[in-house]
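I opened this notebook to record what I looked up in one structure. The entries follow the order in which I worked.

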Amino acid sequence: MTDSRDTASPSAPIAPVHEHRRRHHGDEVIDRYEWLRAKDDAAVLSHLEAENAYTDARTEHLAALRDRIFDEIKGRTLETDLSVPSRRGPWWYYSRTVEGSQYGIHCRAPLASADDWTPPQLEPGVDVPGEQLLLDGNVEAEGAEFFSLGSFEVSTDGSLLLYGVDTEGDERYTLRIRDIATGRTLPDEIPGTFAGASLSPDGRFVVYSTVDDAWRPDSVWLHEIGTDPASDQRLFHEPDERYWVGAGFTRSDRYLVIEVGSSITSEEFLVPADDLRAEPRSVWPRREGVEYELSHAVVDGEDVLYILHNDGALDFELVRVAADDPTGAREVVLPHVPGRRLEGLSTFRDWALLGYRREGLQRLGVFDYASGSVDELTFPEPLYTVGSGGNPEWAPPVVRLGYGSFVTPAAVYDYVVETGELLLRKRQPVLGGYQPEDYEQRRVWAVADDGTRIPVSVVWKRSFGDPAAAHAAPRALHLYGYGSYEHSIDPAMSVARLSLLDRGVVFAVAHVRGGGEMGRQWYEEGKLLHKRNTFTDFVAVARHLVDTGYTAPDRLVAEGGSAGGLLMGALANLAPELFAGILAAVPFVDALTTILDPSLPLTVIEWDEWGDPLHDAEVYAYMKSYSPYENVREGVTYPRILAVTSLNDTRVLYVEPAKWVARLREVGADALLKCEMSAGHGGVSGRYNSWRERAFELAWLLDVVGLADAPTES
């Protein structure tokens with residue numbers, strides 16, 4: 001498409017060259033931009049500021065479009081809103097947002113009676129009888145450029161609030177405890193914790209985890225409220241650098257579960273909730289390649305553990321064991337069925353909810369303890385997402401569900417298990433006259449080089465016509481992908497995406513191998529020495545969408561973030577001719593350098609996903625063959641590229657896209673770098689800030705496909 005940039009473009013910053021030699025397995029690499037890793041070096045910060053200034057200048061012509069998109073997002077969002085209350089004990093808990101405020105406000109209100117299971121209908125601007133303010137994120141964030149909550153929990157008796165705050169973006173949280181009745185913050189302040197701390201059922205203790213020098217959660221700690229945190233007891237430490245550690249209490253409040261896991265192996269430990277200083281007891285000793293997770297239940301008066309595992313069961317099976325003898329007899333209650341990937345069991349007193357995946361979609365069913373049967377919930381849309389959440393109670397008559405699709409805004413339901421009735425509690429409002437029937441979604445299939453059929457989700461606005469119709473002109477198309485860690489990109493409606501759809505852009509998701517959409521085998525075929533399948537699958541999807549008339553190369557923009565950013569960098573080298581633009585968010589584009597360095601955050605853990613190039617020459621050669629930074633080539637006409645990163649990201653360091661852009665620019669590519677100087681892996685904090693960040697990206701995308709001046713169709 002025509003590039004609408006000012007012809008008098010400013011000069012791009014050119015990173016100085018400093019040779020850094022790296023030698024592994026007899027291969028020597030001269031890395032000319034590794035010096036950019038020195039985060040505190042004034043020269044590095046100056047270069048990043050220069051990149052930001054260049055990006056601002058190059059996109060200055062899009063300022064009005066960015067403002068329009070921001071206003072569109074804002075105008076479609078009910079800014080003063082409330083969540084659906086969730087019951088715990090004698091209270092309904094919920095959050096509210098207020099127009100003009102960046103962060104949520106957390107509140108609670110009393111039940112009408114002990115048998116009250118119908119959440120109150122909350123209305124913006126209407127007082128809630130008996131409401132108590134628990135925490136106002138806007139107050140907590142005062143004076144900070146970044147704010148994020150990593151823990152938020154109220155004690156079982158409702159008297160204490162535990163919360164964790166990060167004001168840097170580095171995912172290190174300071175834990176605080178508040179007396180709700182008085183509003184007084186207790187002196188028990190614990191800095192440097194990981195997300196996900198918990199209060200014990202009796203309200204006496206806090207269980208939290210900390211990280212090692214490589215940012216790996218490796219220890220679980222017990223803090224007795226009212227004591228000096230310096231005297232906290234370490235309940236568990238995992239020395240193996242391949243494993244993460246976490247902890248939480250069962251819904252039954254019977255056990256603390258300490259979870260230890262790599263991407264291919266796990267082990268879980270039990271500690272009685274009424275004796276938290278006891279030695280943690282392993283449920284099943286770890287075995288390389290065996291993953292499992294447990295849920296506690298009481299069946300016929302006996303404490304049992306339901307365990308999902310993949311020992312000889314690729315897509316997992318469900319077994320039941322005695323809680324006091326978990327290594328004893330296993331009763332298979334749901335056998336392994338190839339293609340039905342069991343993903344999680346959530347146990348309650350009388351039944352459980354089973355989450356699983358079949359035919360590329362999430363499924364949810366009620367599991368009966370007595371019969372072992374699963375009653376699957378059904379929904380009318382061909383593509384949808386469903387899951388359970390907000391269910392802290394042990395013995396409820398209803399369970400809270402979340403539902404949505406690419407065209408249906410997120411909805412909250414209560415499912416009455418006894419009758420099968422599905423009660424709509426709230427559908428997220430989308431202002432501005434949004435009607436789901438104005439949009440359409442479908443699943444199509446592309447064929448990879450090896451004959452594998454790749455599912456593709458496609459969404460568009462009906463008034464622009466079916467993009468696959470005969471004789472239809474190719475449309476601008478936004479193609480998204482991820483393809484790692486068995487993470488699935490499931491259907492979800494996006495308010496921001498409407499700014500594309502309403503300008504005629506088609507949105508598509510390539511469900512490539514390495515993700516989990518089609519079961520565990522789908523993941524296995526897109527990792528380690530099969531990782532290139534992820535990249536070639538995406539290219540096959542792009543070619544299919546071009547060949548079937550949905551789009552054309554000069555109208556096609558790809559987007560991916562984090563490991564999906566690696567995908568973006570790889571396809572820029574594999575098939576640059578297929579794309580007009582590539583948007584890479586916090587991209588993992590210097591993968592080989594990172595995975596070679598065990599001192600960097602997460603590296604050793606990542607060896608199960610990518611392989612160990614430090615000790616394995618075959619893995620080294622394979623990763624070098626696809627790592628985007630290593631494979632930028634002279635003489636290639638690259639598409640326009642926008643890389644977005646954050647200075648304080650601890651997962652994918654800013655240096656990766658900074659080096660990549662410097663190398664791309666060296667070979668003449670039109671590459672921009674935007675580095676947020678006070679943000680983390682998830683970008684900026686605050687909803688208005690995040691809307692502006694997304695408006696920046698979407699304006700750039702529309703410019704690439706020639707629709708910067710296109711009107712919206714309401």
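What span should the twelve residues of helix 11 have, and how far apart are its end C-alpha atoms? The model I consulted is predicted, so I note that local features need pLDDT of at least 70, side-chain atom pairs count only at pLDDT 80 or more, and totals for chains, interfaces and linings use all residues. Residues are numbered from 1 along each chain as its sequence is written, and side-chain values use heavy atoms, with hydrogens and water left out.

**Entry 1: helix 11**

I looked up helix 11, residues 655-666. Helices (H or I, at least four residues) and strands (E, at least two) are DSSP runs, numbered from the N terminus. The expected span is 1.5 Å times one less than the number of residues. For helix 11 that gives 16 Å, and the end C-alpha atoms are 16 Å apart, which agrees.

I then checked its exposure, where buried means under 20% relative accessible area, exposed over 50%, and partly exposed in between (1.4 Å probe, protein chains only). Eleven of the twelve residues of helix 11 are buried, among them Trp660, Arg663 and Leu664. After helix 11 comes Gly668, with a positive phi near 90 degrees.

I found an open sheet of four strands in the order 28-29-30-31, with antiparallel pairing. Because strand 28 (385-388) and strand 31 (421-427) stand at the edges with a single partner strand each, one side of each has no neighbour in the sheet. Two strands pair if DSSP finds at least two bridges between them. Strand 29 and strand 30 (residues 411-416) are joined by six bridges in the antiparallel sense, and Gly402 stands opposite Val412 in strand 30.

I also noted strand 1 (residues 20-24) and strand 2 (residues 27-31), an antiparallel pair with five bridges. The two form a hairpin with two residues between them, and His25 in the turn has a positive phi of about 50 degrees. Arg21 stands opposite Ile30 in strand 2.

**Entry 2: cavities**

On a 1 Å grid over the protein atoms alone, a cavity is a set of points where a 1.4 Å probe fits but cannot get out; lining residues have an atom within 4 Å of a point. A volume is the space filled by probe spheres set on the points, which are joined across faces, edges and corners.

I found four cavities of 30 Å³ or more. The largest cavity holds about 120 Å³. It is lined by 14 residues, and the closest to its centre are Arg87, Trp117, Gly390, Asn391 and Val398. Strand 29 (398-404) gives the largest share of this lining, three residues.

Technical notes
On a 1 Å grid over the protein atoms alone, a cavity is a set of points where a 1.4 Å probe fits but cannot get out, and a pocket is an open set with protein on both sides within 12 Å along at least five of seven lines; lining residues have an atom within 4 Å of a point.
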